[in-house]
Each structure stands twice: as C-alpha cells, then as structure tokens.
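This note sets out, in numbered points, what can be read from the coordinates under review. Each point takes up one part of the chain and may be checked against the structure shown below.

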Amino acid sequence: MAPPRAVPLPAGTADSKALPPSAGTERKAIPMPPGPARRPAIPLPAGTAASLKLDRKAGSKDRKSAAKVTPTDRPQPPGAPADDTTAREGNIAATKAAPPAPVPAPATASAPASAPADGKAATEGEAATEGEAATGPEARPGQKTATDTRTTPHGTAATDTGTTPHGTAAPDTGTTADRQTGTAAVPERTATAPDRKTGTETRTPSDRNAANGSRAESGGPAAPGKAEPKPAATGRPAAKATVAPPPARTGAAPGTSAEQTQVIIPGEARTQIIPRVPGEARTERIQTPVVPGSFERTARLPVPARLPQPEVVPPDRRRVPRGGPGDLGHAPAVLLLSSLGVLLVALAYTGGREGTGGATIAYWIGQVVVFTPVVLRLLSRRMAGVAESFLLVMGLAINQYLLKWMYSPDQFRFPDELQHWLATTIIMESGELFQPNRALPPAVHFPGLAEMAAALASMTGLSVTWAGTLVAGVAHLVFVGVLFVCVLRTSNSPAVAGVACATYATALHYLFFSSMFLYQTAALPFFMLAIWATRRWREEGGWPFAIVAVGSIAMTSVSHHVTAFALIATLTLLAGAELWTDRPRRWSALVMPAVALAVVAAWILLVAQDVIGYLEEPVNQVITTVRTMMTDSENASTAPAASLAQLALQGTGLLGLFVLYVAVGRDMVNRRDRDSWRWAALVGGAIFFLGNGVRFLGSQGPEIAGRLSTFTYVPISIIAAIALVRAVQIIPSRDSEGRRWWVAPALEAPPPTGRNLVVRVLAGSALVTLLMIGARAGGWPPVGSLLPGPYLAGGFERSVDAYGVDAALWQRDTLGPGNRVGGDVTAVSLSSTYGRQDPVREIGALYYAVQWGLAEDELVQSVHVDYLVVDRRLSTQLPQSESYFENDPMAGRITEPLSAGQITKFDNLRDVDRLYDNGTVRIYRMGVAR
C-alpha cells in the first residue's frame, strides 16, 4: 500500500479553526497539525440536497435511540461500490429531494477568495434558518435543516442539506479518497441534541477534550486540569482534521456546532466510543471501512440527551405478586377467620355429646367457615405469591385435622386405628418388629407407621395414643405439602397448586380416613414424594433425585400394600404419557416404574406373603358390586341407596367436575398440548369417574369409592384447579370463521377482570364448597355419626363407649390373650385390640337365628369360636352402617333391630355359660365348640 499523501491547503488557510462562542456553549478550537495546505471545498449547486428522514424508536428499555442510514443518490467515483451504511438500531431513510445539478468546475487552489476570511469552507445556502426550506419540497416550515458535506473525487466539497422529523439539523459529512495523494477522510457520525432549557446544542465530552488538546497544540490556552495529549506512537502519519461549520439556526448564535473530519490511511477504519453523561449530548457513531476507490459516509444526527420516558403502566396485581418470596399477604387474616369455623365445629361436637339442639346446624356452618374463605382467597387472583398460597393450604390442612382430632381427643375409636394402636403397643412391649397382631395380621409386615409411632413414644415418653396422633398429623401435613410442591412444579402457578390441594380436601375420606392413625396415612407422603422426585429426575437428571425416588418407593412398599400398588400404576401412567408425547422417545422413563415393580414384588413375595390372601376379600367385593350393577338381580333391586338429598349434593358436585374436566380436555386437544404430566392427569381423571360410580352401589359403595378416590382424586383435583384458575371457557366463543368447539384457544388469554372475575371466583368457590359438603355427607363418618354422642349400633366410633372397653379389658385380664372371640363389629374390634383376643368375624348367622339348631352348631365348630360377646343394645337400634356384623349376611336389607329373643336365646342354651355381664354387654363361653 502506498504511503498516504497530504492534501495541501490553499494559501491563507489557518492551521486551526476557532468556533465563535454562543449562548450555553463553550468556545472550542480544533487544531490543524502543521503540514501542507488543504484543498478548498466547493459546494454543489442549490437543489441537489437530500433530505434525511429519521425514524427513531423511543421508549425502549435502555432508552437508546436507533438509526439506520440509507444514502441518497449522489455522484459516485468510477468503480466505487454502492454506499451501504447500517446503524445499530432503528431506521433513517435518506430520500432525494431533487435531482442533482451538474457539478461546477473546481476552483483553483490559488484563489483565496474561494474560502472565507475566517477559514471556513464555502457552501451554498450556508445560513438556513428555521421556517425556511433548504431541501426542496420535503422541507416544511418550522423544521431545521441537515447539512451533508463531502469531498468529491475532484477535490471539491459537496453540501447536502436535509431536514429531520424532529426539527433539528442533521449535517452529514462524507469524504472520499484523493486519487492523487491517496489519503482518505474518515467520517464521524455524531448525534447531538439541543439543550431543552437554553435551546442550544451541546458537545460531547470527547469533543471538549479534543478542543482542550487543540488549544495546547496551537499555542492557545488549555483547559485547566487537562493534560496535553500525547502523540500516537504508531509509526504512521498523524491524522489531520478540517472543520466545516454547520448551517446557522434561528435563535442560536452562529458557530454553536461544528463538523470534524479526520484523515486516516486508506483501508483503515477508526472507531471512537464516547461515554454518555447525563445532560450532555450523546453520540451515535456508525462507520464502515474505507476502501480505496470508494468513499465513506458519516451522518451527524441529533439525538436528545434524555429521551422522553414512555408511559409506565402499573402492573396488574391479579397477575403479578405484590410482595417478595416471604410475603404472606392476607393468609393470616383468612386463617384466623377459618379458625372461627374450627371453634364452631368444636361447639357442635360438645352439643352432640350433650344432646343439645342445633348442634348439626352449627357443624355445617363451621365446616363452611373453615373451608370457603381459604378457597375464595386462593381463587381471588390477588395472592402475594407462593408463600401465601402455601400457608393457606397448610393452615387449612391443620384446621381440618383439628376437626378430626376433636371428634375423639382422648382415645382411638375407629377399628383400624385401634388395630394400629395395638401394633405400636406390641413393638413398645417387645422391642421387636414383625410380632403377631391378631387384630390385623397384614400390618405385621408393613411396620412403617407402628415403627415411627413407637420411636416417638420411646424418645418422648408420650403414650401410644398421643404419639400416634402426632405421627398421623405430621404425615398428613407432609403429604399435603408435597402435593402442593408437586403441582407447583408441574403448573408453575401458586394459585393452581393451592386450588388443587383445596379441591383434594373435598375427597370422600380426606377428613377422617386419610388422616387417621393408619398405615396408609404413613405411606401417602412417600407416595407423593416418589412422584415429585421422579419428575425432578426426569427434568434435571442427577443421582440425588433418583436416590430420593428409590428411597420413597422403598418406604411406601414397607408401609402400605395398596399405596405401593397405586404408586406402581401412577409411575407407569406418567412414563406412558411421556413416551407418547415426547419426541424423540426416551425409554429411560420406564426405569422408575420398573424399580417400583421390582421393590414391591420382592417385599410381598419374600416378606408379606399373607397380604395376597388378605386382599382377596375387597377384590371380591368390587367384582360382586360390578356384577350387581351390570345384572338385574334381586340384590341389585334391594340394595339400599343414599338419600335423595345426598344424591343431589354428590351428583351436582360430580357434574361440575365433569364439566371442568371436559373443558380442559377439549383445550388440550385443540392446542395439541405436549405436556406429558397434564395428559397423565387427564387419564387419571377418567379413571376417577370410572371408579366413582361405585359410590352409589349399596352399603359398601361409599367405602370402596372413597378408598379409590384417595389416589384418583389427585389428578382430577389438578384438572379442576387448572380450569378454575386459568379461567378455561366452558362454552368457547366463536372464531373469525364462525367455529366454536374445535378451535385452538389463545395461548395468552386475557385474565377476567371486574364483574367477570367476581362471577368466576364466586362460582368456583361455590363448586368447591359444594364438593366439600357432598364429601362430608357421603364420606366418613356416615351422616348419622357426624357428631360424637351416645352409643349407636353399627356406628363405628359412636359404638365405642365405656361398656365395651370394660368388657374387652376383662377379657385380657381374665381370659388371657389368644382366645377366639366373636361378636358385632364393635365387640370384635375392642376384643381384638384392648382384649388381645383372636377375632372371629363370620358369626352373624348365630345372632340372626331365632332358634338354635344343627346349622348353628356346625357354624360354631367350623369357625372355632370360643366366646361370644352380646350387646343388648343391638335389639333397640338399627345399624347406622346398615350392617351389624362384618360380612353380614343381611347387609343392606335390615329393616328392624334384632329381637329380644334373638339376643337372649344364649341364656337358654345348654353347654353355653355366661361369664361376664355389666348390665349392657354379656360374654358367653360356647361349650359346643370344645
């Protein structure tokens, strides 16, 4: 590359250009290094200017201006490529105002008159003022002009003046390489903004520093505190600069701004970064490399120092959390109101024990007060965030557990709780696991719950009853908490997670059976924890989550058999949904279901072999129930049904769930949803509706449906929460083509507001509250035993009183453990737990017999019964559970109590001795069995 040659300046040209001072600006002198004189610039004729149109994008996040320059048509050097200059942001379109006029002949370098006396370049239309058009037909009154000055290949200067939409002058200076000297002028694109207060333009800090340095080089005074610039040690000729004045502006003193042109080596581009200073002008520099034979164009555009800020729209509090992660919002106040409902239910329990009128009304009001405020808050769309939602869910779970505990605070009364109380007591007494438990033999090989309660009682000195109450309560709360976290992980919405947990609280057996001292209660937290860990493992990988999942599977397997089976089915469903929706398929999704199947199968086949025979009975009950439903037999016609009010409550709630289920399923199909967990929840919801039909079948229907709903109610609760929180349209609106039902919904539908929001919140809260009322009326305990009180035949908890407990303790102390004892449901439960006897449950025919005969003798011998417990109150009351005995042959067909003759016939039998009688409960020794 040839060395650069300097362009000589005309005679009389000053070495430095001094800018006259103006209002609001400082005097700035840009020095010219000593060297050859430069060639004067000759302006183009008037009418050849081009207007620049500035399209600025304001209001961005960092409030930067963006520009793009499109050059106008102008004379190009022979063989020069087209000018293509792009800015970093925005668009500036340069449009030609008028066809260019012929370029006049260049002036001679010896004509000093071609340059003004002050050394400025001569241009035509130099003093364009506001209100005057200097750019042709596009200029309008009130606009300022922009000057574009460049050096032509002949050494002449061309002035291009245009207007910008912002009313400020935008001079554009471009230079070309001199064919004779080989030097090129590098353009500089600088955006300046007028001062809003003074109306004058300001310079950037870099310009001021350059001015200070120029004074020092030219012998002028330097700015105080400014160091003299050091010459560049590059070995190349120093850059030389010329200054061309901008056009004059009305209302501002002449010389308030200037253009600067630097001379650099051809083919080399130089870039200068000018920092932004508040209140100072900002510089936008756009530069392309200089190519020999072409020229580089630079536009100097005015950019305001402070862009106008866009209008700030306040965030929607219904969608954006109000506080930080620890903001509890209104949860404390809502839970305080809910606790008032707990107080009302406690008063109702006291009234039930004392027989006070109005206790039932207080009970239902208290249930609504405990439950509904929490649901309203969860659906209100004004929650503070995860902390408030989680606190509401856990507070509701605590309040509802208090309702269960207050029903019987002094002792366990439900038969299954008494069986696990005995298992814990045996561990405490023997200090060993797997000890025989005649009340519930399968519980011996699933010692998870009993082991935890025994450990707590041993460490704290609490009684087994209190230790069991605490263990059951903590397990119930952990299950609810893990359910919340799992749904939150799936939906990424605290409201969906909270509403899902509140909806799950409306399950048939949630209030009592799922929070009792049972081995299922201990297994449920590990069941949900295994699902959560499996999801985290599938999403993020890593062995910690896999270890947690496998450990939870193992704990579930040793805690409860049915829950272990449900875990295998759930993990298989999740894996199948993932394989169906994800592409490419990841067959590793089958790892956790295989692990669960292996662990459960190994435990049952190697340790808990007796559970297979134990589960045959409920399976046979389900098969019998389905057969009764499918056939038109006499049993089907005589099977008792629930009351009309109970059917209406439960049917309406189920219908509401079904409508929400269909709406969510329709949207998922139309949107082609690929989320495997939502599809798994949709399939689980279908299983819930299939299994829930058993609820309306006879006396065993509610219990079977309730046990199934412990697991199938989880997916339907998630689907209902999605529908209620996401405001899924039950009846979708028509699209532009008139279609309604099979149209993909909008991904970001606007949330309901105003009256629509109020209606949706109230309707959703009413539906969930209706589900809760239906569950309390048709779940556990039976509607006739909702309140504690005096003895009720076949009332489970209501059937346990001092008479029965005293008879059971007498058996333990007098007869010793291990005797075969039969009786009604309550007598068998108390004898096998408090009395430590071996229960006999298939002896209902002995009580129904009016006369004792050969068939009764054969039955006694076949079941090997040693003692019978007879409660005389069976002859005064109908059973609340529609059966007196387990495996009752008259279940669902009892229309009157047992007669006095049926109860007292044992006193007249030979070889039958009455050993115990406390006035209500009698114990007979059956001599015929010996």
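1. Overall burial and surface. Of the 930 residues of the protein chain, 51% count as buried. The model is a predicted one. The chain exposes about 42,300 Å², and carbon and sulfur atoms supply 60% of that area.

2. Secondary structure and contacts. The protein chain contains 23 helices and 17 strands. Among its contacts with a separation of 6 or more, 73% are between residues 24 or more positions apart.

3. The parallel pair. Strand S13 (residues 820-822) and strand S15 (residues 867-871) run parallel and are joined by two bridges. Within this pair, Val821 stands opposite Tyr867 in S15.

4. The antiparallel pairs. S15 and S17 pair in the antiparallel sense over five bridges; Val869 has Ile923 of S17 as its bridge partner. Strand S16 (residues 912-917) is likewise joined to strand S17 (residues 921-926) by five bridges, and these two strands run antiparallel. Asp913 has Arg925 in S17 as its bridge partner, while Asp917 stands opposite Arg922 in S17.

5. The hairpin. S16 and S17 form a hairpin with three residues between them. Gly919, in the turn, has a positive phi of about 95°.

6. Is S17 largely enclosed or largely open, and why? Five of its six residues are buried, so S17 is largely enclosed by the rest of the structure.

7. Helix H6: length and end. Helix H6 (residues 448-460) has 13 residues, which at 1.5 Å a residue should span 18 Å. The C-alpha atoms at its ends are 19 Å apart, which agrees with that expectation. Gly461 follows H6 and has a positive phi, near 80°.

8. Helix H6: buried residues. Which residues of H6 are buried? They are Gly448, Leu449, Ala450, Ala453, Ala454 and Ala457. In general, an α-helix has 3.6 residues a turn, so residues three or four places apart point the same way. The cover over the buried residues of H6 includes helix H5 (415-430), helix H7 (464-491) and helix H9 (519-540).

9. Cysteines. How many disulfides does the model contain? The count is zero. Cys486 is in no disulfide, and its nearest cysteine sulfur, that of Cys501, is 9.8 Å away. A disulfide would require the sulfur atoms to lie within 2.5 Å, so the 9.8 Å between the sulfur of Cys501 and the closest cysteine sulfur, in Cys486, is too far for a bond. Cys486 counts as buried, with a relative accessibility of 6%. Cys501 is buried as well, with a relative accessible area of 6%.

10. Ala720 and its surroundings. Ala720 lies in helix H17 (residues 701-725). Ala720 counts as buried because its relative accessibility is 4%. Leaving aside residues up to four places away in sequence, Ala720 touches Thr503, Leu657 and Leu660. The C-alpha atoms of Ala720 and Val499 are separated by 8.3 Å, although the two residues are 221 residues apart along the chain.

Technical notes:
Residues numbered from 1 in each chain as written. Predicted model: local features only at pLDDT ≥ 70, side-chain atom pairs only at ≥ 80, totals over all residues. Heavy atoms only, no water. Helix = DSSP H or I, 4+ residues; strand = E, 2+ residues; numbered from the N terminus. Expected span 1.5 Å × (residues − 1). Buried < 20%, exposed > 50% of the residue type's maximum accessible area, 1.4 Å probe, protein only. Contact = heavy atoms within 4.5 Å. Pairing = 2+ DSSP bridges. Areas by Shrake-Rupley, 256 points an atom, 1.4 Å probe, with all protein chains shown as cover.
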